[in-house]
Amino acid sequence: MSDRSITKEKKEEDDEQEAKLLVEQSPTDGALTDQNAMAREALDRRNIWEPSVYYTLGRETFLIAGHDISIRESMDTYGALIWPGAVALSQFLENNQQQVSMMDKAVLEIGAGTGLLSTVAGLLGAWVTATDLPDILPNLTFNLLRNTKGRSRYAPQVAALTWGQDLGRDFPYPSFRYDYVLAADVVYPHGCLQQLLETMRHFCRAGSRTTLLWANKVRFQSDLRFTECFRRSFNSTLVLELPQQEVRIYKATAKE
């Protein structure tokens, strides 16, 4: 058997094992419990974990990167709420500008939600493209424009992106190559974890020199399973852990 055949078989075995790890739990296996827990966390918006944040009438205001950032939220969907991972990664970018410089870098955020993280990257000098599902884009665009107009080096871009769908058509490589890909709190019981990992691989591939920064609050067993597959797929380093908030931030590059 040739080395190429062995490599192909090994990849197929790895893909099959990965799919088993990432398959969504059945209702009897805890998926409904996980979803209920996410719903409770979404409703409990007044328990703000960061002292520099105050909450009022569906809006949160942050002081990050020397700017007051006002973010409009909505209870209609998880994507219109600010989650701890976005706050943590935003502050990480602010506090580590020498090691992770956004200045004049091409940056893509997947699952941008309310746009807090993309806003911070833009205010730190990045050329940002913020992506999410089509129904999230109006509020995302509103928040980005309100907080970056006249204050950022580049005007941020907004684009629809459904994980794992039409990536080669809508974001062909190398035409769409980014210095950094950002992702915050994108792992939760949504049933698209395999597609999320495929999307990360599409943008952070061998030879691309792209760095992936992923922040996540660890809530469920699915978080740990995804992390295992993530670490198999990339050369990753845990760069920050916040035990009180149960948030971890990983820095990753493609395996060559």
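**Figure 1. Overview of the predicted protein chain.** The structure is a predicted model, in which local features need pLDDT of at least 70, side-chain atom pairs count only at pLDDT 80 or more, and totals for chains, interfaces and linings use all residues. Residues are numbered from 1 along each chain as its sequence is written, and side-chain values use heavy atoms, with hydrogens and water left out. Of its 256 residues, 50% count as buried, where buried means under 20% relative accessible area, exposed over 50%, and partly exposed in between (1.4 Å probe, protein chains only). A contact requires heavy atoms within 4.5 Å. Among contacts in the protein chain with a separation of 6 or more, 68% are between residues 24 or more positions apart.

Figure 2. pLDDT is the predictor's confidence in each residue, on a scale from 0 to 100. The protein chain averages 83, and 74% of the residues score at least 70. Over residues 4-8 the pLDDT stays under 50, and the model has one contact beyond four places in sequence for this segment. Residues 45-57 also have a pLDDT below 50, with 26 contacts in the model beyond near neighbours in sequence. Where pLDDT is low, the predicted coordinates should not be read in detail.

Figure 3. Helix α4 spans residues 116-123 and is mostly covered, with eight of its eight residues buried. The buried residues of α4 include Leu116, Leu117 and Val120. Ser90 belongs to helix α3 (residues 84-95) and is buried, at 0% relative accessibility. Just after α4, Gly125 takes a positive phi of about 105°.

**Figure 4. Strand β6 at Ala159.** Ala159 is part of strand β6 (residues 157-160). The C-alpha atoms of Ala159 and Thr131 are separated by 4.9 Å, although the two residues are 28 residues apart along the chain. Not counting residues up to four places away in sequence, Ala159 touches Thr129, Ala130, Thr131, Asp132, Leu137 and Phe171.

Figure 5. A pair of aromatic rings is described by the distance of the centres and the angle of the planes. Rings of Phe, Tyr and Trp (its six-membered ring) pair if their centres lie within 6.5 Å; planes under 30 degrees apart count as stacked, over 60 as edge-to-face and the rest as tilted. A search of the whole structure finds eight aromatic pairs. One of them joins Phe230 and Phe234 in a tilted arrangement, 5.2 Å centre to centre with 45° between the planes. Phe230 is buried at a relative accessible area of 0%, and Phe234 is buried at 2%. Ring pairs link Trp214, Phe226, Phe230, Phe234 and Tyr250 into a cluster. Elsewhere, the charged end of Arg72 sits over the ring of Phe142, 3.8 Å from its centre; this description requires NZ of Lys or CZ of Arg within 6 Å of the ring centre and within 35 degrees of the ring normal.

Figure 6. Most residues other than glycine have a negative phi, and most peptide bonds are trans. A cis peptide bond joins Tyr173 and Pro174, with omega about 10°, and Pro174 lies in the loop between α6 (167-170) and β7 (180-184). Asp185 has a positive phi, near 50°, and is located in the loop between β7 and α7 (193-203). Asp185 is buried, at 6% relative accessibility. Glu246 likewise has a positive phi, of about 60°, in the loop between β9 (234-242) and β10 (247-254). Glu246 is partly exposed, with a relative accessible area of 45%.

Figure 7. The structure holds zero disulfides, a disulfide being a pair of cysteine sulfur atoms within 2.5 Å. Cys192 is partly exposed at 30% relative accessibility, whereas Cys229 is buried at 0%.

Terms used: Helices (H or I, at least four residues) and strands (E, at least two) are DSSP runs, numbered from the N terminus.
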